[in-house]
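Please look through the structure shown here and follow the explanation below.

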Amino acid sequence: MKALPIIAAGLAALAASLAQAQYPDRPIKLIVPWAAGGDTDVIYRTFAPLMQKALGGTIVVANVGGASGTKGAKEAQSSPPDGYTIFAVHDSIHSTYYTGVADVNYTDFEPICLVSSTPSIVTASPKTPWTDMKSLLADAKARPGQITVGATLGSTSHFFPAMVEQAAGIKFKYVSYEGTAPRMNALLGGHIDLAESNLTQKGKADAGQLKFLAIASDKRLPEVPNVPTLKELGIDVEYAVNRGLLAPKGTPRAALDKLRAACAAGARDAGFPEAMKKHGTLVRYLDPAAYTAFLQRNDKENKDLAKELGMLKR
Amino acid sequence: MFELLGAGLADIVQLKYLTALLTGCLIGVVGGALPGITITMTVIVVLPFTFGLEPLQGLATMIGVYVGGETGGLITSCLLGIPGKPSAVATTFDGFPMARKGEPGRALWLGIWASIFGGLLGAVFLVATTGPLAAIALAFGPWEYFSLFLLALSMVAGLVESSLAKGLVSGALGCVVTILGNDPVLGQERLTLGIPFLSGGIPFLPVLIGVFAFAQIMQDVERMGGAAKALEAVDRGVNLAVSHLKVILEILSRPFLLLWSTFIGLAIGVLPAIGGSAANMLAYDQAKKFSRHPERFGTGTPEGIIASESSNNANVAGSLVTIMAFGIPGDAVTAVMLGALTVHGIQSGPLFISQHATLAYGMFAAYIVAHGLVLLLLLPGVRWMLRIVTIPKSMLFPVVLVLCTIGAYALNNTMDNVYVLLVFGVFGYAMVKFRFPLAPFILGVILGDQIEINLIRAIMTDPNPWLFLTRPISGGLIAASVASLAFSIWQHYRHRARVAEADADF
Amino acid sequence: MRRDAIAGLAVAAASLFLFWLTLGLEKSALVPVGPGFYPRIVLGVTIALSLWLVISGLWTKQDKAPKKERLNYALVALQFGIFGLYVGALPFLGFRLATALYTAAANATLDPPRGARGWGRVLLLAVLTAFLSHLVFERYLQVLLPRGSWTGF
């Protein structure tokens, strides 16, 4: 039995030398910390093949959902930093860290690049009387703490309405609806009044099943020219869910460089913006240096926000 | 609706879906025919393969397994007197005597054709009611869902086993599993018992796989000695020739029996988590009660075969209605389907049929087409099935458990789920040994989180607890669950002397 | 039945312990009832039901004389043991190696091979199961299987 570890070590060394010879020589696991079919999953299932082309290896999307996206984050953090595990991140990593849901933060990873940005939209149930953002605000001022908002508590869909709350000086009542799909069901059935959504729900808005009240981008989007921005309405909130790729800290330089180059090539692929449009998402590429700065700024903003909302646990 | 169904049929006959469906049917027929391999286990084995497929491909495969399994189970029931699965038990009562009286072909094909008719009648119900029921379900707020889940649990706990207390404890234990590790509302850790992998909570699929696979396999292992005996030699020369027209007429000349058995199958299927094993016994029992010649039952009467087989295939349609309209699994097989949907990111529930119309009608179409495919497989293949049942279990079981392991691992790509599989494998076997029913436990594991989430949502929306009773649908559902508990208490008193403890099936 | 009473007691004790643990849970700022609310309800109900089971188990005096059937519990324990080792070894040996070893061990213990033919069967089954399933899942179904941290294989 003593021979086994030795043989194993030998095999491992052999495998390691092979791996160094030609990275990637086996499929790379891209951990998406959310269920399949969600926005993040859909975006990366579109992006992975484009990145693959430049990388010359296979990327397999592995959904590790659960616990507000922190289960996958933990899994990615504890994976061997060999370049064969990468992590699909979005802004919730900061908020779940500061609200104390998880111990994983972006500093446990090496940035690869930022891929996309999805502006948030204030969305109302068709059973509500509001015709636009103004009537919502008036109603909210008249009935503080009575308008129900569905949200994944402590995550982006909670932070966004909370920012609107602060900027407009109103008060909502939050009800836990984790995930976009259950939130949209509840909006349709009139079980909640408001929720954050994005352009992926445009079809339902066009069919009158949902009402888009205002968008949190800096200017109106051509897809929904009739939806005003919050800024136009005097609410100084700009919010989007930003998605990027990270690798576990300690990933070899050579592998990182290859991944970064492939990510850049994938994001610049001519077909990518068109494909993303279908998912209500804008392509937003940032190189590793710019992405690092972005993460730092985002992290600070989230910390401040958590503090202002009374949710800061660290 | 008909255009959509037409489009669904046009989808499903495309090569990539048809291949998936046909493969599913074939695996189902084989799995159903193998004694000791239930349909639940077959569908568990198929699960990991569906991860890499398109959603409709994966679900078509599973539907194929389901339909094929319900039909395949009757082969061994009729010809060997061994039910291939619990939902074919009643088929042996008359199928085997008929075969021994020198009419094996008639027994077999009566069963097969009755399955097909029952299944297709079920399809009408499936297509017609799923949409309207889903529309009703959309009006369900958190209060209604909470009460509905409560009703499901109390019904299952009361109906499946002779001891109500055990059924209820079993269901409660299922809910206890879901409170461990992680609070589903905020994702905060709770009750992790210091075990790191518990911090994300326990997902239901590895629990289900572990409980069912090990409970079933280890019960067989118990009976295997040092020298495991293979199934006694099968007479492969048996003459199965029969006039199909005559058999079909024999079934259609009993329209009331066919319709009533189908109805029982559907009703049992729609009720959550009861499953085909109850359906075929109940239908058989009813057929006997309504028959002019009840004394002929058990001696090889065609009525017995028709009742049993039409009801267990209709049961499949009923289960599909529940899962597609409400997102609640009607039995373990649909619970695995629910898992497959979740893996593909599809939320089953009231919006399923409108948001994923192509997929939903594709599933309907798959269900209908599967019956034809099963028939095509069985016409030349029945004799071949007899050969397959002689595959030794000593080879089958390790392979099945390896596939269960892959299924658990691939679900979230972590070893954690494999550990869950092992722990609950042991736990499930222990439950069987203490004669606890498995069905309420699994339903508890599946619904526990949902019950909590809806309870918290209701409280967050409006803190008034009386809303659970004063909202009409919710109040009605609560009243129904109280009534169902009262009914099972009454029934248990009445039957106490008579009812022997049934083996845990499902 | 005595067995029911024992099972009921075990469930009640475990639930009581968990109930005690829920008392230490903090209330959260965002949810009015906190993470311990539902667990306490579930555990309370479980305790009540299992006590009912204990009482009804003691009330019903006699087990029906169980059918005398010799069951091979040693084999069951062995199979659980082998599977446990398999699960334990998976992350270290990797899927292919561990699966081949497991399949061989399980098959050989369920049906002890006699002669070269028997061992040939065990070997063939093990190699086929491990490598065929790996090939199908990783190559064609895009399902990644565990890799060994000792073997990298």
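How many residues does the contact take from chain B and from chain C? In this predicted model, chain B gives 67 residues to the contact and chain C gives 64 residues. The size of an interface is often given as the accessible area lost when the parts come together. Between chain B and chain C, about 5,500 Å² is buried, and carbon and sulfur atoms give 80% of that area.

Next come the contacts between charged and polar groups. The rule finds 1 salt bridge across the interface of chain B and chain C. B:Lys166 forms a salt bridge with C:Asp4, and their closest N and O atoms are 2.8 Å apart. Across the interface of chain B and chain C there are also 8 residue pairs in polar contact, with both residues at pLDDT 80 or more.

Now take the side of chain B that touches chain C. The elements of chain B that give two or more residues to this side are α3 (39–51), α8 (164–179), β2 (189–190), α9 (204–221), α17 (393–412), α18 (416–433) and α19 (438–461). Of these, α17(B) supplies the largest share, with 12 residues. By type, the residues on the side of chain B that touches chain C are 48 nonpolar, 9 polar and 10 charged.

Strand β6 (residues 148–151) of chain A pairs with strand β7 (residues 173–176) of chain A in the parallel sense, over 4 bridges. Within this pair, A:Gly150 stands opposite A:Val175 in β7(A). Between β6(A) and β7(A) the chain passes through helix α6 (residues 156–168) of chain A, and this β-α-β crossover is right-handed.

Notes:
Residues are numbered from 1 along each chain as its sequence is written. Chains are lettered from A and ligands numbered from 1 in the order in which they are written. This is a predicted model: local features need pLDDT of at least 70, side-chain atom pairs count only at pLDDT 80 or more; totals for chains, interfaces and linings use all residues. Side-chain values use heavy atoms; hydrogens and water are left out. Contact means heavy atoms within 4.5 Å. Buried area is the accessible area (1.4 Å probe) that two parts lose on being put together, summed over both. A salt bridge is a side-chain nitrogen of Lys or Arg within 4 Å of a carboxyl oxygen of Asp or Glu. A polar contact is a pair of N or O atoms within 3.5 Å; within protein, one must be able to donate a hydrogen and the other to accept it, and residues adjacent in sequence count only if both atoms are side-chain atoms. Ala, Val, Leu, Ile, Met, Phe, Trp, Tyr, Cys and Pro count as nonpolar, Asp, Glu, Lys and Arg as charged, and the others, Gly among them, as polar. Two strands pair if DSSP finds at least two bridges between them. A crossover is right-handed if, with the strands pointing away from the viewer, the path from the first strand over the helix to the second runs clockwise.
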